[in-house]
Amino acid sequence: MSTAPTAPPVPVAPGTRPAPGDVPGLDPAWSRVVTARDAEGREREWHVLDNGVEPRDGTLLCLHGNPTWSYLWRGLLADAPVGWRVVAPDHLGMGFSERPDAPRTLAQRVADLGGLTDALHVTGPVVTVGHDWGGILSLGWALAHRDQLHGVVLGNTAVAQPPGDLGPPLIRLARLPGVRTVGCVTTPAFVRATSALSRPPLPREVRDALALPYATAPRRRAVGDFVADIPFSAGHPSYDAVAELAEGVRSLDVPALLFWGPRDPVFGERYLTDLRDRLPHAQVHRFEGASHLVTEDAPEYAGLVAAWVTDLAAPAPPAGAHAGDPEAEELELPFEPPLEPFEPLWSALDRRALDPGPVMSVRGATVSWAAMSRRVTELAAGLAAGGVRPGDRVALLVEPSADLTAVVYAVWRAGAVVVVTDKGLGLAGMRRALRGAAVDHVVAGTAGLAAARAMGLPGSRIAVHPVPAAARRLLGVDHDLDELARRGAGAPPPAPPGPDADCAVVFTSGATGPAKGVAYRHRQVRAQVDLVRATYALGPDDTFVAAFAPFSILGPALGLGSSVPDIDVTAPDTLTAALLADAAAAVDARVVFASPAALRRVVATSGDLRPSQRDALLRVRLLMSAGAPVPARLLAAVGEVLPRASLHTPYGMTEVLPVTDVSYEEVREAGAGEGVCVGRPLPGVEVALEPLAGPGSEEGGGRRSLVDRPGVTGEICVRAAHVKDRYDALEATERSSSRHPGWHATGDVGHLDDAGRLWVEGRTVHVISGAEALVTPVAIEQRVESVVGVRAAAVVGVGPPGAQVVVVVVVADDAPGPGRRGRGGAMRLRVAEHDLAEHVRRTAGTAVAAVLRADRLPLDIRHASKVDRVEVARQAARALAGHGG
Amino acid sequence: MRVLVTGASGLLGRTTAGLLLRRGDDVTVLQRRGAGLSCAEVLGSVTDEDAVARAVRGQDAVLHLAAKVDVVGRPEEYEHTNVRGTATLVSAARDAGVSRFVQVSSPSVAHAGRPLCGAGAEPADPGRARGHYARTKAAAELIALGADSPGFPVLAVRPHLVWGPGDTQLVARLVARARAGRLPVLGSGAALIDTTYVDDAAAALVAAVDACGPSAHGEPLVVSGGDPRPVAEVFNRLCRAARVPPPRRHVPVPLALAAGSAVDLLWAASRRTGTPPITRFLAEQLTTAHWFDQRRTRSVLRWSPAVGLEDGFERLAAWYAAGCPPR
């Protein structure tokens, strides 16, 4: 390691000033004292952490906030990107830097920092990194050093109070004169409270380290001064400086990265929204669950920042350029966009503007193409007139219905973006999702509007139906759909969005961790619709039943009429055979789109069908069941309810659907194998695998080349025109999922067989990392489920990665019947009796440490059919740890 | 190779000495009672300096198994045999120019009562180990590893729950209690425990003698079958092999722990010397997970178990079926 071209570090004379001693995560070699001239030209002694690396690519200037110190950045120093010097000073009066006699203003502090970077010989490219009040200081430095500035990184900070906001409540409290002195200076309350915000709580040693420089009241004085220098109103000495800076930020055109802990009670979500408004090109990652000290709660921020600045220095090669990897090169040819003229999603509505035939039937009420077309046109113009601008995000808290379909197409037609979540996420999950998506408008029924209020969602409110004046005020309703349609009638239509405009943000089901927002552009949704149409040879007569209700949205885009059965959307397993038949009869359906959970009950209730209902189901030529793999046994039973239908299951996920498709006949032809056979990739869809890291390894280790050889098990990666555009406000997740340029890494594990069929073996997080082999769960589960007396099985690993052992959890046929759905809850795990355990071991085909019985397996919310193996593993590990586990 | 095996009258010591003899090593055994092996034998305690000096003379390697293994008794007895015995042996071996020393230890030396799931070999900790045996074995391991030096490589091997035909500790006691209908399952019986079939453990010790040297020394290695099972299943399989009824009765963990603590006090107060039905240590051992990451062990020793659980249960069943012939 060569050292930076700076003056030699001044050793801290013992006794003259406290210095960071042995604190966790801090390399004492980073710590140095530097003398620099302050704003007034006076020499000051600064304590600086400096990794001392030759800044080949640049310098990261990291500024902490109040009341922390440079210790906050130890993770970034430890994981510094190659070729980058990392410099993290303690502000004057803070940390282990000199305590000036008088408080310093924002302007002085910005100038002080300039003096320090001169003294540190920080020349060449700089990326500033700031947290809390270090954010505004870093931007101050940035605006004063634009020649050097190559990027800005900000975490949980603010440059301005959002309009109508009086400032963070906790800071306002801390700022009241009496409270400030007592809370910030006389007692260490503020210093301690800051590190207490973290969830989960920080280790005691880290909390002590954060408070280390603020042990006595004199050493805390600047903590209070900093709080006093926050200008909440005009007339404050720093008010103008802050206002100028906040506007100056808008002129920054360098790359920007915002990383955020959304649980911050100080700088809440609205401060992130304000920053995104000022830096619209910024990339964003919200570390779900992290609080104010985001660097502590989400230490993986360091990896994100390092990867991000590395890309700044070396622009990403174009997709396909994979040096020294001939095999990968072959697979990574750039994708050729289709040449046909772009067909907007609403084109069928325009074409059939006079068609009296049904476009939708919901709960017996039918809407014609003509009516829908008119409604969409009027609403689009009305939305534009009502303040919905192109690119605005519109949350839709509306059940599948003709209203929902009309709003979706109107929003699209107006150039805005629909934001879709699943009610199954629960209020807390939806709140996280919709606040994270920074929605501009909310369209909802009365219940949804009340929920939006309870969730504290931002944005204007549009009621689905007219609301009485009192409720209107209470719910903050700005418009209702009828009123907007009236305003839009006869008004000129808004300019239509182009193929590259954002179209939708769809949230994942959150089966594994918090729901993720997935952003699509119009051309990607168009490609999806075209692929679905081609895959299932959907012609103009193929009206369909959306037993999986969200599919009803696609009806107009597919140019097909559709029908939604009369069930609660959040409970797909309440669909009966009779309700399905009624829905089919309503539009004379030829096609049924369903989910496995729905099918189970349809099969169970098929005995109740009346002859006329059987006739309606006889006319169905195609059943497509999406959402989760459908067991062959179930498909066979479905075949008896829909005797003339060919049974198809697509494979895909929120990020790309469909990837493959398989028919019942193909499933039978493929037979048993290592996993679930999901068929061959569809035309225009490429599938490749990133091989798993070898057995006994403790982590995945970086990126490995993609292969499409048969028999190689790995993470399934997909390239196609309808793959998601990006994850929304999840920059780190996005980088990981698109680490192979042009490809989406799905998180599923599987392999291709000699016939080109894809087999899914589980999720990457479900791979069991044993000492001798990596084991995937699905094939074992299938074999165990063939044991007589076993209703369902889940295969998980327990123990540390690289030394995990296999555990099989079975639900026996004699277990209590399925109770209320939902996640969590006791599985009631216990050791399986001898005979059952022996049977399972003999069939499993791999070494099994324990066979446990359970009353139930935890399932995901959306489809109620995917087993939450992470939860199974958690509970199994606890049971198998025994007492004290 | 000339190898001294101490404590060859126990199941593991006798099996290991036999294995060394069969492959042609020149074996001497040291213990208080005759081991019944056809090899050179020194009778005496490992704390007897004269006997020890005689036994180590001219040896290439020492494999030290001799120890006081029990759950009751006075602490001084453990201290004497396990700590002083090891110190005596280590120093005599070094003085005699022995070129490798394998200390047979126990995973309990690093176990403070928490579940161990895929654990590595943590350093021995006499301050936290539970019970006289574990505490003194921890001190002994530290003494042995502390003597590790370039001319005197020391390796510590910790076999975990050794069992097999002829085992008077684990198997015989379990089976006797089960036969009397007094073997309960403590708690849920789900705690995963790893065990080591006696022939596999013996092979691991021989492998340790071979491996001990410049590239394998100064560290502890846990040896186990690497095939953990719920404790109830292990009990069940052992009982089936011995053709006694498997346990059915479950005793809640807090009750077992309380009973164990009470027995500890009673036995201490009454200075009883018989084997108690349960001790706190035993109750903890049988209700918390104990299984280990065997990667390091297997790569250092270049050993892996040849018999394992399933074959082991079969061999045990055959041995019981044959009327428990002497091994």
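Visitor: Which residues have the most contacts inside the largest nonpolar core?

Guide: In soluble globular proteins, nonpolar side chains tend to be buried together. The largest nonpolar core here has 374 residues, and those with the most contacts inside it are Phe593(A), Val807(A), Val808(A), Val809(A), Ala876(A) and Leu880(A). The largest share of this core, 11 residues, is supplied by helix H6 (residues 198-211) of chain B. Such a core is a set of buried Ala, Val, Leu, Ile, Met, Phe, Trp, Tyr and Cys residues joined through C-beta atoms within 7 Å, where buried means that 20 or more other C-beta atoms lie within 10 Å of the residue's own, exposed means 12 or fewer, and partly exposed lies in between, with C-beta atoms placed from the backbone. This is a predicted model, in which local features need pLDDT of at least 70 and side-chain atom pairs count only at pLDDT 80 or more, while totals for chains, interfaces and linings use all residues. Residues are numbered from 1 along each chain as its sequence is written, and chains are lettered from A and ligands numbered from 1 in the order in which they are written.

Visitor: What is Val809(A) in contact with, leaving aside its neighbours within four places in sequence?

Guide: Two residues are in contact if their C-beta atoms, placed from the backbone, lie within 7 Å. With those neighbours left aside, the partners of Val809(A) include Ala793(A), Val796(A), Leu829(A), Leu852(A) and Ala876(A).

Visitor: How many residues of chain B are in contact with chain A?

Guide: On the chain B side 25 residues are in contact with 24 residues of chain A. The largest share of the chain B side, three residues, comes from helix H7(B).

Visitor: In which sense do strands E1 and E2 of chain A pair?

Guide: Strands of a sheet pair through backbone hydrogen bonds, either parallel or antiparallel. Strands (E, at least two residues) and helices (H or I, at least four) are DSSP runs, numbered from the N terminus, and two strands pair if DSSP finds at least two bridges between them. Strand E1 (residues 31-37) of chain A and E2(A) pair in the antiparallel sense over seven bridges, with Val48(A) in E2(A) as the bridge partner of Arg32(A). The two form a hairpin with five residues between them, and Gly41(A) in the turn has a positive phi of about 85°. Strand E2 (residues 43-50) of chain A has six of its eight residues buried, and three bridges join E2(A) to strand E4 (residues 84-89) of chain A, running antiparallel, where Asp50(A) stands opposite Val87(A).
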